[in-house]
Structure formats: structure tokens, C-alpha cells
Amino acid sequence: MTTSTPRTLFEKVWQQHVVTEPAGEPTILYIDLQLVHEVTSPQAFEGLRLANRPLRHPERHVATVDHNVPTTSVHDRLVITDQIADAQIKALRKNCADYGIELFDVQDAEQGIVHMIGPELGLTKPGMTIVCGDSHTSTHGAFGALAFGIGTSEVEHVMATQTLPQDKPKTFRITVDGELPPGVTAKDIILDIIGRIGTDGATGHVIEYAGSAIRALSMEGRMTICNMSIEAGARAGMIAPDATTFAYLKGRRFSPGTKNYELSSFAKGGGSASPADTIDEATWNLAVEQWSALVTDTNATFDRELAIDASTLAPSVTWGTSPGMVTTIDATVPSLADARSEADQKSFSRAYEYMDLKPGTPIEAIKVDAVFLGSCTNGRIEDLRAAAKVVDGYHVATTVRAMVVPGSQAVKHQAEQEGLDRIFKSAGFEWREPGCSMCLGMNPDILQPGERCASTSNRNFEGRQGRGGRTHLLSPAMAAAAAITGHFTDIRTWKFNK
Amino acid sequence: MRPINTLTSTAAPLPLPNIDTDQIIPKQFLKRIERTGYENFLFYDWRRLQEGPDAGQPNPTFVLNKPEYKGAEILLAERNFGCGSSREHAAWAINQYGFRAVIAPSFADIFFSNAGKNGIILVRLTNAEVETLIQRSTANPQHKLTISLEDQTVTDAEGFHATFDIDPFRKHCLLNGLDDIGLTLLHEDKLNAYESNHQKEFWLSPKANIA
Ligand code: SF4
């Protein structure tokens with residue numbers, strides 16, 4: 001097919017999913033996949049029941065439990081004492097059974113944070129539209145999918161119609177060119193972007209991340225970036241699929257061409273490939289051919305553009321109570337004069353107080369009480385490898401409690417195969433079961449009032465990890481270093497033991 | 001949603017302005033996982049005695065506890081009904097209790113939209129008209145009102161006749177029992193056509209493996 005107007009990646013995916021554009025009403029957009037978890041789904045199912053409506057496409061829905069699942073021990077997951085969590089998880093089981101939705105339950109090999117398992121299972125694919133009642137659905141955009149979070153009534157809408165009425169968002173390309181300096185990661189790129197454009201900087205837009213520094217990232221790194229698009233206010237984030245994307249997807253359980261999938265190979269490969277002889281190459285190649293068209297045409301235009309030189313970036317740490325309050329490890333807590341507006345000055349003042357920090361304090365001088373390694377932002381195998389490399393041969397500072405919560409069963413299994421769990425445990429980290437855990441301060445994974453946490457998650461709002469808790473966002477390697485020294489530490493000068 | 005055209009029913013008078021959603025449904029019921037079963041929580045605190053030796057027991061003077069108002073499908077209230085928090089639970093509770101319409105001089109915005117999503121008819125009449133209806137239903141609990149959505153009128157057997165305004169799109173939705181989902185399903189032929197083609201695009205299916 002030839003088309004005269006050059007189109008962006010977003011426009012291609014959007015147009016392929018337009019069911020109809022009724023005059024004077026929003027576009028009706030087809031949704032390829034809805035991911036379901038225990039917290040935002042119960043009332044959507046109930047709404048279906050109430051209206052006596054069928055769920056249109058059970059095979060386009062996949063569910064797991066993540067937000068409320070205890071991560072302390074297998075036993076605690078099987079006998080959940082928190083009554084609200086227990087009720088929500090039981091409701092999800094019943095709803096999935098009633099409506100014929102595949103559920104990956106607490107102890108299934110495929111269980112994990114909803115945004116981890118979509119890619120791991122190969123459910124997430126280039127060019128798809130994906131929704132979930134969770135704002136970090138933007139993660140799946142790393143594969144060139146259009147993926148965004150929705151509210152409970154919209155969840156019900158998708159269950160009933162497999163569509164959503166949507167107004168077309170604007171487009172915003174962020175091009176990151178050049179080579180990342182050692183010690184600088186995908187997390188630092190996205191924190192830097194949020195710091196530049198602000199937490200509402202991309203409101204109403206879908207961001208496309210482009211440029212050589214993005215192309216050079218692994219799928220894990222790309223997911224970290226797309227995940228936090230929402231922290232920049234964006235509706236979604238996308239990265240065009242390429243050889244890295246295809247290599248990641250090939251042979252995954254639900255990828256095109258995969259046949260006779262054995263669960264044992266899922267566990268073995270950290271959720272990845274089935275043996276090569278069980279892939280129908282012709283089918284796979286056809287899919288790759290289709291996906292390869294999903295790139296922004298030369299001369300396509302965006303509503304906004306921003307260019308960043310990767311070689312100028314440094315490891316980032318947030319100092320305040322919004323992801324936009326971020327600086328680099330070698331800097332100091334900004335002063336009021338650094339605030340961009342009067343409103344920002346007010347929130348700076350409030351943040352100094354809440355975070356108990358004074359402007360001018362060197363970031364490296366800030367001590368931490370807790371370290372959390374995990375979440376859908378940085379709970380992947382590559383993140384755990386990077387952190388383990390830092391930790392190896394050291395011990396957690398006596399003043400720090402540190403935990404690793406793998407994002408999924410597959411990641412946990414893979415890490416254990418590689419011996420990462422032993423490195424963490426002998427360094428004094430807790431090694432947990434998979435789930436959201438301290439990302440959202442789920443009991444008992446919670447900060448005490450006044451406690452300061454170095455966290456690889458995505459939100460540092462007041463009280464996010466527990467009432468009065470103080471959260472600093474950073475990369476996995478930086479979090480690991482802080483756990484060892486007891487204060488923020490520049491990973492670029494770290495002495496690795498191995 | 002059930003389509004609705006005319007509704008003839010007795011009415012329960014609640015002669016207060018600014019009835020907020022916290023009163024309609026208190027916050028402790030927001031933790032539930034269900035969308036149904038809110039009928040017993042409607043006006044939870046008002047339905048119970050708040051003090052004295054019988055605290056917690058039904059308050060016999062509250063209109064919904066009076067047997068003569070059982071089965072009323074119309075609620076009468078004063079201005080700014082449904083103000084406060086955005087909780088859709090308020091509309092669920094009103095609907096599930098059995099009210100199909102609320103008549104008041106004005107409604108809060110978010111409640112207005114939530115009620116629409118749940119198929120509740122909201123009728124705006126003048127202060128004087130609402131006053132008259134409240135008096136008649138208070139004096140005679142068996143007093144019946146008829147709301148005609150098609151004609152946009154409220155009438156009774158004693159010669160009361162009032163007209164009300166309603167957005168044509170919302171009227172269309174109520175008459176045809178369409179909620180947002182229903183509206184989308186109006187395009188079902190287009191959806192079916194889209195799907196029959198789209199299902200072939202296996203590279204965009206969640207489960208594209210060879211089972
Ligand atoms: S890990 Fe955190 S951000 Fe991600 S889905 Fe869970 S609660 Fe949400």
C-alpha cells in the first residue's frame with residue numbers, strides 16, 4: 001500500500017484501529033488486548049453482570065494478581081490476611097472463571113506485575129492497542145504498541161465492546177542521540193526528560209522516543225522509558241520496533257509462529273524463548289514483515305519535538321515529591337531560584353519540608369534508611385543483574401534495610417538460575433516474591449513516617465510508599481550503591497569487586 | 001440500561017438543599033468490590049438514629065423508613081442535589097434502591113453525568129414547582145406523578161403540569177436505554193465488519209501462537 005502523506009508510528013497504529021468516526025462523537029478505537037488485575041476490575045465485571053452483557057472477547061483479555069499480593073513469603077500469598085486484598089483477589093478468580101478469562105494466579109509460573117507479564121509472554125506486540133486499568137500501561141509502548149491506562153468504567157466498556165471512544169491525542173517526538181556515558185541508564189534518560197519538560201510537559205500527547213541512544217537500548221531499558229511516560233503527563237509512549245524487539249519476541253509463548261509451548265522452557269528462559277524447532281518460521285517471518293512497517297515515515301511531522309544529547313547525561317536522583325523534582329548525583333538540592341515559576345517555588349518549599357532537605361545539600365550527603373529494588377519500572381532481569389554487580393562482595397550498610405522484589409515469577413526464577421539471589425541475600429538484602437509491593441506501599445511493605453527510601457519505582461508523591469515516607473527515585477545500580485554505603489553514591493566511581 | 005419513556009409513581013420528598021454525595025452514600029462503602037448491593041447504604045446515616053439508647057436503629061421519622069413511601073420511584077429534593085465528591089456510588093445507590101428519577105431545581109455537575117451513565121432521569125423544575133410537588137407528596141404519600149420523557153412534562157391527577165428541559169442527546173440515550181456502551185454498540189455493524197477483517201491480522205492478536 002502506498003500513501004501520499006507521511007505518517008508517524010502513532011498515526012499508523014491509530015489508523016489501523018479506527019472502527020468508525022461518527023460525526024460529532026469521539027473515534028471508536030479497537031482494542032487488541034486488555035490486561036486485568038485485581039484492584040481496578042471488580043466493579044467493571046459487576047457492571048457487565050448488572051447490564052446482563054457478555055464479555056465480547058475473553059481471548060483478548062488476560063489477568064494476573066499483582067497490586068495487593070503479599071511479597072513476604074509463598075505462605076503469606078496463599079493465605080492472605082489483609083481482608084480487602086483477599087476479597088479482591090478472590091473476586092478476580094471468580095470473575096475470570098465466570099467470563100472465561102485466562103488468569104495467572106499468585107503461584108503460577110507466569111504471575112507477575114501486569115506490565116511485566118504482557119511482554120514476557122509475548123502477549124504484547126508491535127502495532128497493537130493495549131489497555132489496562134493502570135496508568136503504567138504505557139510500558140508496552142516499548143514494543144511499538146499504543147498502550148495506555150484507563151478508568152474502571154472504561155475497563156467495562158472494553159470488556160463489553162472491545163473498543164473505546166477516544167479523542168485523538170497529539171504527537172511529540174523526543175530524540176535522544178549519542179552514546180550514554182558509563183553508569184547512565186534508561187532510568188536516567190527518562191528522569192532527565194521529566195525534569196526538562198515537567199510532569200505535565202506531555203499532557204495530551206503520545207511521545208515517540210527516537211534516536212541512536214534509544215535504538216541502542218535493550219527491551220528492558222525501552223520499557224523503563226515508556227513506563228514513565230505517564231510521569232511526564234503523556235497519554236502513552238512508543239518506540240518503533242526493530243531487530244532488538246523482534247529478537248525479544250521470537251519464540252515467546254504467545255508470539256506468532258510459536259508452537260507446542262512447554263511451560264518448563266518458560267521458566268528456564270526467564271519467560272523467553274521456546275526451542276527453535278518449535279517455531280513456525282514462515283508465520284514468524286510474516287509477522288516481522290508486517291511489524292517492520294511500523295516506523296515513522298521520513299518527513300512525517302509531530303506537534304512537538306525535543307532533542308537530547310545522550311553524552312551529556314549523568315545518573316539522576318529525585319530530591320522532591322514529584323518525579324520532575326530531579327537532579328544529578330553530583331549536584332545539590334536545588335534552591336528556590338531554580339524553580340521555573342512561582343507555583344513551582346511553592347511546591348519546592350513544601351517538598352523541602354516534607355523531604356526534610358535544605359537547598360544546597362549535596363545529593364551524595366543524603367542518607368537513606370531503606371532501599372527498594374523492583375516495580376514495573378525496574379523489576380526486570382537486566383535491572384537485577386545491574387544491581388547485583390554493584391552489590392557483589394559488599395554488605396548493606398547497618399543503617400539500611402534493603403529488599404529486592406522481582407517483577408515477575410519468570411524474573412525471579414531466572415535470577416535464581418543466575419545466582420543473583422545469593423549475591424543479594426549474602427549482602428543482606430531481602431529476596432522477595434514477585435508483585436508491586438513497596439511501589440505503592442502495600443501493607444506490610446511500607447515506609448515508616450520520616451523514613452527515607454532509595455527506590456527504583458516511578459512515583460515519589462507524598463505518602464506513596466507509606467504515610468510520611470520519603471521516596472527518591474533512581475536507577476537500580478544507583479539504588480544498590482546507596483544500600484551499601486548508606487547514602488546516595490555516584491555509580492561512576494564505584495569499585496566493582498567482579 | 002432499561003429504556004424509559006413515561007414513569008408514573010409515588011414520590012418521596014426530601015425537602016433539603018445541597019444534599020451531598022457523602023450523605024447519599026458515606027465513604028466507608030467505597031471500599032467494596034461490588035457495583036451492586038448499595039441500596040441498603042443509601043442515606044445510611046440519615047436512615048439510622050444517631051444518638052440515644054436506640055442509636056443505630058432505624059430512624060422512624062426519615063422518609064425512606066416510612067412504610068407509606070415504600071415503592072416510590074421518584075425522589076423530590078431542593079437545589080444542588082448531589083454536590084460534593086465525585087463518587088459514582090451515589091448514583092448506584094439511588095438507582096439500586098429503586099429510584100428511577102430525581103426532581104429538583106438543580107443538580108451538581110458530576111452527579112448529573114454519573115446519573116446519566118446509570119439511566120436515572122434528572123428533572124429540573126422551578127423552585128415553586130418543586131415546592132408544590134413536595135407539599136402534595138408530603139400531604140398524601142399516595143400522590144402519584146407522571147414524568148413523560150418524550151413530552152418533557154411532569155403532571156399529576158390534580159392538574160399539575162410542568163415542562164422541563166433536557167439535552168436532546170441525553171434524552172435520546174434515556175429513551176433508548178443507551179449508556180456509553182450502548183452507544184458504541186449502536187455501531188455494532190461497523191464493529192463486526194472491522195473485526196472480521198482485523199481477526200485475520202494475526203500479528204496483532206494477543207495469542208498469536210499456534211495452539
Ligand atoms: S509496580 Fe507500581 S506502578 Fe507498576 S503496576 Fe504495580 S503499583 Fe503500579
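The structure is a predicted model, in which local features need pLDDT of at least 70 and side-chain atom pairs count only at pLDDT 80 or more, while totals for chains, interfaces and linings use all residues; side-chain values use heavy atoms, with hydrogens and water left out. Residues are numbered from 1 along each chain as its sequence is written, and chains are lettered from A and ligands numbered from 1 in the order in which they are written.

Chain B contains seven helices and seven strands, where helices (H or I, at least four residues) and strands (E, at least two) are DSSP runs numbered from the N terminus. Along the sequence of chain B these elements follow the pattern β-α-β-α-β-α-β-α-β-β-β-α-α-α. A box of roughly 70 × 45 × 25 Å, taken along the principal axes, is filled by the C-alpha atoms of chain B.

Strands of a sheet pair through backbone hydrogen bonds, either parallel or antiparallel. Two strands are taken to pair if DSSP finds at least two bridges between them. In chain B, strand 5 (residues 144-148) and strand 6 (residues 153-156) are antiparallel and share four bridges, with Ile147(B) opposite Val154(B) of strand 6. Four residues lie between the strands of this hairpin, in which Gln152(B) has a positive phi near 55°. Strand 6 of chain B also pairs with strand 7 (residues 161-163) of chain B, in the antiparallel sense and over three bridges. The hairpin of strands 6 and 7 of chain B has four residues between the strands, and Gly159(B) there takes a positive phi near 95°.

In chain A, five strands form an open, parallel sheet in the order 17-16-15-18-19. Strand 17 (430-431) and strand 19 (470-473) of chain A each have a single partner strand and stand at the edges, so one side of each is left without a neighbour in the sheet. Strand 16 (residues 401-405) of chain A is joined to strand 17 of chain A by two bridges, in the parallel sense; Val404(A) has Trp431(A) of strand 17 as its bridge partner.

At the interface, 36 residues of chain B are in contact with 56 residues of chain A, contact meaning heavy atoms within 4.5 Å. The area buried between the two chains is about 3,800 Å², of which carbon and sulfur atoms give 59%; buried area is the accessible area (1.4 Å probe) that two parts lose on being put together, summed over both. In chain B, the residues that lose the most area to chain A are Ile33(B), Trp203(B) and Pro206(B), together 19% of what that side buries.

The rule for salt bridges (a side-chain nitrogen of Lys or Arg within 4 Å of a carboxyl oxygen of Asp or Glu) finds five across the interface of chain B and chain A. One of these joins Asp179(B) to Arg53(A), with the closest N and O atoms 3.1 Å apart. Helix 2 (89-97), helix 6 (180-185) and helix 7 (188-198) of chain B are the elements that give two or more residues to the side of chain B that touches chain A. Helix 7 of chain B supplies the largest share of that side, seven residues.

Around the ligand stand His67(A), Ile113(A), His115(A), Asp134(A), His136(A), Ser375(A), Cys376(A), Cys436(A), Cys439(A), Leu440(A), Asn458(A) and Arg464(A), a residue being included if one of its heavy atoms lies within 4 Å of the molecule. By class, this shell has five nonpolar, five polar and two charged residues. Ala, Val, Leu, Ile, Met, Phe, Trp, Tyr, Cys and Pro count as nonpolar, Asp, Glu, Lys and Arg as charged, and the others, Gly among them, as polar.
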